[in-house]
Amino acid sequence: MNTTVIIKASSNKNGNTQKVIDQLNNEFNFDVIDLLDYTIGHFDYDFKNADDDFIPLLHKIIEKYDTIIFATPVYWYTMSGILKVFFDRLSDLLHYQKELGKQLRGKNMAMISNSGENDRRQGFEMPFIESAKYLGMHYLGDIHVWFSEDESNIHHEAIQQIQKFKNIL
């Protein structure tokens with residue numbers, strides 16, 4: 001059975017990223033992990049953050065899920081800061097938690113970004129694709145979702161993108 005989790009990485013708990021997740025979960029009922037609910041410190045070569053929430057969270061994700069979807073707003077042309085910290089901490093899995101990191105091999109990764117306009121820059125997806133490759137994961141793809149001019153609703157063209165995205169999951 002394929003189990004999927006969405007890792008929500010927005011600084012706004014009830015913002016547009018949540019609207020995108022809600023739209024995706026109209027059909028699916030994927031679990032959602034909100035990174036705002038965890039204390040995850042920056043990567044440190046001396047592993048001073050070894051006792052924060054990152055490693056226990058990774059254990060949970062690896063044990064329970066086959067597919068990981070990262071959901072992030074576009075902040076300053078890139079992924080959110082909270083997601084960048086999460087990605088940097090994947091380095092822990094290459095150093096002192098190697099066996100845990102090896103368990104990501106063969107799992108799936110996908111990504112959903114969102115912003116106020118259809119303006120995601122070329123290359124935004126590269127850190128996700130390359131991280132999946134490096135970790136031995138299968139990159140399923142990504143979409144960008146944008147909102148109507150008043151930012152209250154997902155743009156109708158973006159809803160079509162979500163429908164296409166559902167087919168790769």
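**Exercise 1. With which side chain does the side chain of His144 make a polar contact? Work out the surroundings of His144 too.**

Before we start: this is a predicted model, where local features need pLDDT of at least 70, side-chain atom pairs count only at pLDDT 80 or more, and totals for chains, interfaces and linings use all residues. Residues are numbered from 1 along each chain as its sequence is written, and side-chain values use heavy atoms, with hydrogens and water left out.

Step 1. Find His144 in strand E5, residues 138-146. Strands here are DSSP runs of E with at least two residues, helices are runs of H or I with at least four, and both are numbered from the N terminus.

Step 2. Check burial. His144 counts as buried because its relative accessibility is 7%; the cut-off for buried is under 20% relative accessible area, with exposed over 50% and partly exposed in between (1.4 Å probe, protein chains only).

Step 3. Look for polar partners. The side chain of Ser113 is the one, at 2.8 Å. A polar atom of the His144 side chain also sits 3.2 Å from the backbone oxygen of Glu117. (A polar contact is a pair of N or O atoms within 3.5 Å; within protein, one must be able to donate a hydrogen and the other to accept it, and residues adjacent in sequence count only if both atoms are side-chain atoms.)

**Exercise 2. Trace how strand E1 is joined to strand E2.**

Step 1. E1 (residues 4-8) and E2 (residues 31-34) run parallel, joined by 4 bridges; strands pair if DSSP finds at least two bridges between them.

Step 2. Follow the chain from E1 through helix H1 (residues 16-24) to E2, and you get a right-handed β-α-β crossover. Right-handed means that, with the strands pointing away from the viewer, the path from the first strand over the helix to the second runs clockwise.

**Exercise 3. Which residues touch the most other members of the largest nonpolar core?**

Step 1. Phe70, Leu83, Phe86 and Phe128 do, out of 31 residues. Such a core is a set of buried Ala, Val, Leu, Ile, Met, Phe, Trp, Tyr and Cys residues joined through side-chain atoms within 4.5 Å.

Step 2. See who supplies it: helix H2 (54-64) is among the elements giving two or more residues, and H2 gives the most, with 6 residues.

Step 3. Zoom in on Phe86. Leaving out residues up to four places away in sequence, Phe86 touches residues including Ile7, Phe54 and Phe70 (contact means heavy atoms within 4.5 Å).
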